[in-house]
Amino acid sequence: MREQKGQHPQSVEIDADDASVSEHVRMSRRLFLGSSAALVGAAGTGLGAGLLSPSAHAASHDGPSIEVKPGELDEYYGFWSGGHSGEVRILGLPSMRELMRIPVFNLDSATGWGITNESKEVLGHSEFLAGDSHHPHMSMTDGKYDSKYVFINDKANSRVARIRCDVMKTDKIITIPNVQAIHGLRVQKVPYTKYVFCNAEFRIPHPNDGTGLDDIEAYYTMFNAVDAETMEMAFQVIVDGNLDNTDADYTGKYAFSTCYNSENAVTLAGSIRNERDHVVVFNIERIEAAIKAGDYKTLPGADKVPVLDGRKGSKLTAYVPVPKSPHGMNTAPGGRYAVANGKLSPTITMLDLHKFDDLFAGKIEPRDVIAAEVELGLGPLHTAFDNRGYAYTTLFIDSQICKWDVEKAVRAYNGEEVDYIVQKLDVQYQPGHNHTTMGETRDADGKYLISLCKFSKDRFLPVGPLHPENDQLIDISGDEMKLVHDGPTYAEPHDCMIVHRSKVKTDKLWKRDDPFFATTVAQAKADGVVLEKDNKVIRDGNKVRVYMTSVAPNYGMDSFRVKQGDEVTIVITNLDNVEDVTHGFAMVNHGVQFEIGPQATASATFIAKEAGVHWYYCTWFCHALHMEMRGRMLVEKA
Ligand code: K7E
Ligand code: CUA
């Protein structure tokens with residue numbers, strides 16, 4: 001067995017006096033390695049270990065300064081998924097400071113996400129659905145970030161959300177019909193993001209009406225395209241196997257997804273039997289032509305969504321066999337190659353995207369598009385790229401990032417004696433996704449790499465059985481990768497993307513005609529209320545709408561009356577047009593709390609159950625008299 005980098009406790013600085021603690025740490029590491037190694041069986045690779053440069057072994061802190069001094073601004077925006085916390089976070093890089101959280105598939109007390117009527121309209125469900133967000137990706141024009149939207153999947157409830165980058169709020173959410181577990185998500189890069197591509201992972205019976213569990217023949221899953229502007233379904237393509245991750249090319253013609261369980265099994269043992277699974281290539285032009293020609297069907301409950309058959313033998317897809325259970329799918333910024341990361345195989349498969357036209361023309365066989373099979377180490381999950389021809393792959397089991405030379409890997413595959421592995425860097429520990437600055441676009445700049453490590457173990461002060469994850473910042477601008485920062489994060493950044501600050505333009509104030517609160521504005525208009533000046537209570541049967549302005553440190557009304565049992569809607573318009581003066585509204589003992597940004601209107605509805613006086617108050621610190629910004633609701637006995 002080759003030497004396992006990363007698991008051995010070379011860098012552990014546990015209190016030397018406490019032998020039991022350090023022994024415990026060593027034990028748990030060995031146990032962890034044992035179980036993950038068992039998962040891949042005897043899969044082994046002899047490559048790489050001898051090529052390590054000595055300085056790559058330990059975390060090095062002599063790289064360029066990453067210090068962002070107080071008052072200085074970061075160079076990059078990082079968009080982090082929040083995994084099963086359901087949110088998206090914005091970090092500044094290289095400081096790794098958390099700048100903002102964007103609630104998406106979660107409830108958020110601070111902003112009222114999931115509480116306000118405006119957010120409920122976006123969420124579209126009356127009940128709260130706990131989300132699991134994995135893959136945030138920004139819209140592009142000509143293969144470069146255009147700062148319009150960030151899209152993110154919810155694996156737990158088969159949804160896709162869109163975040164508007166001008167205000168950094170979620171503005172649309174769609175539930176993908178007739179599938180389960182939207183996982184891999186990426187955008188069409190060229191000529192612009194017309195489609196958001198998203199994989200449904202789990203195969204389900206069709207129809208899924210409760211009539212059968214065991215008719216495996218009736219199971220399938222689908223590749224999905226959402227129209228990025230309307231956020232409605234564009235099309236769905238039936239495939240063989242379970243879909244995992246996806247990416248698109250730099251011509252706009254193709255998207256491709258890793259696919260495990262080519263066995264079409266429903267159990268773990270069944271789904272890892274085959275030595276090879278596949279990458280499914282989707283021919284977007286042919287799919288669009290088939291839709292135009294009416295060559296599709298529809299499924300119950302979604303009669304406007306074209307469903308095309310892309311199973312083996314279809315002209316719309318190609319199945320490229322690759323080693324066992326591939327996971328990450330990453331297109332290199334040069335546009336020629338994409339890699340499928342092995343996961344259960346140490347092999348990474350490089351696809352030559354320039355051969356896809358010939359593949360679909362029937363001139364070559366699927367395996368002919370393989371440019372190289374690259375052996376880097378154990379558990380390759382995801383790969384990122386710089387602008388100098390290097391790739392960086394996370395090795396989950398080895399707890400390393402492997403830097404390798406893309407062209408040399410191709411030459412080695414063609415029989416030349418070249419070493420393509422440049423460096424292996426230990427990370428702490430067990431990395432999943434990684435991402436380079438601008439690395440999924442034509443603007444890849446090769447400055448920083450993030451390694452999203454699933455385990456942090458001994459890297460931070462202990463905080464109980466639940467540990468933070470460790471998002472590590474690595475300087476890749478020089479010849480060697482250098483670890484420059486450990487960043488603890490809460491569950492669970494699966495993925496991130498890093499955008500240069502010059503690309504992002506956000507608003508400082510809301511616009512009064514913003515569509516985010518258009519429904520509330522329309523209701524006010526119907527009530528004859530001018531939101532920018534009126535403070536009024538409108539009764540409509542047992543529905544009461546309370547319209548208030550707010551200007552620091554006052555609400556437009558310091559009291560109002562309703563009757564017990566009324567359905568009360570509070571509508572607040574923040575008239576302050578000063579950057580950073582956000583008000584809040586909390587109705588004590590009613591579970592109602594939300595943010596009203598400068599020049600925004602926000603509202604929430606609740607039932608006035610208890611008779612009596614109930615105070616409301618401002619929650620966002622807005623003024624020296626913020627504490628005094630409050631009022632009373634009298635609920636009169638029914
Ligand atoms: Cu590798 Cu959901 Cu992209 Cu997790 S996925 S790591
Ligand atoms: Cu308004 Cu605090």
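**Entry 1: a proline in a loop**

I started with Pro553, which sits in the loop between β33 (543–551) and β34 (554–555). The peptide bond that joins Ala552 to Pro553 is cis, with omega at about 0°. I noted for myself that this is a predicted model.

**Entry 2: another cis bond**

Next I looked up His206 and Pro207, and here too a cis peptide bond joins the pair, with omega about 0°. Where is Pro207 placed? I found Pro207 in the loop between β10 (204–205) and β11 (219–227).

**Entry 3: a backbone angle**

I then checked Ala181, whose phi is near 70°. Ala181 belongs to strand β8, residues 180–187.

**Entry 4: a sheet and its helix**

I moved on to a sheet of four strands, which is open and has the order β23-β24-β25-β26, with antiparallel pairing. Its edge strands are β23 (380–385) and β26 (421–426), and each of them pairs on one side only. From one strand to the next, the twist averages 20°. As a reminder to myself, strands of a sheet pair through backbone hydrogen bonds, and the pairing can be parallel or antiparallel.

I wanted one pair in detail, and I picked β24 (residues 390–395) and β25 (residues 400–405). These antiparallel strands are joined by six bridges. Which residue of β25 stands opposite Ala391? I followed the pairing across and found Trp404.

I also found helix α6 (residues 406–413) lying across β23, β24 and β25. Helix α6 runs at about 75° to β25.

**Entry 5: around ligand 1**

I listed the residues around ligand 1, and histidines came up again and again: His134, His135, His183, His327, His382, His433 and His494 are among them. The list also includes Asn245, Gly432 and Lys454. How many residues of this shell are nonpolar, polar and charged? I counted no nonpolar, nine polar and one charged.

**Entry 6: the largest pocket**

Last, I turned to the largest pocket, with a volume of about 1200 Å³. Its lining has 32 residues, and Leu99, Met100, Val167, Thr506 and Asp507 lie nearest the centre. Sorted by class, the lining has 16 nonpolar, four polar and twelve charged residues. Strands β1 (76–81) and β3 (97–102) each supply at least two residues of this lining. Which strand gives the largest share of the lining? I wrote down β3, with five residues.

Conventions. Residues are numbered from 1 along each chain as its sequence is written. Chains are lettered from A and ligands numbered from 1 in the order in which they are written. This is a predicted model: local features need pLDDT of at least 70, side-chain atom pairs count only at pLDDT 80 or more; totals for chains, interfaces and linings use all residues. Side-chain values use heavy atoms; hydrogens and water are left out. Two strands pair if DSSP finds at least two bridges between them. Axes are lines fitted to C-alpha atoms, for helices over the stretch in contact, and angles run from 0 to 180 degrees between N-to-C directions. Contact means heavy atoms within 4.5 Å. A residue is near a molecule or strand if one of its heavy atoms lies within 4 Å of it. Ala, Val, Leu, Ile, Met, Phe, Trp, Tyr, Cys and Pro count as nonpolar, Asp, Glu, Lys and Arg as charged, and the others, Gly among them, as polar. On a 1 Å grid over the protein atoms alone, a cavity is a set of points where a 1.4 Å probe fits but cannot get out, and a pocket is an open set with protein on both sides within 12 Å along at least five of seven lines; lining residues have an atom within 4 Å of a point. Grid points are joined across faces, edges and corners, and a volume is the space filled by probe spheres set on the points.
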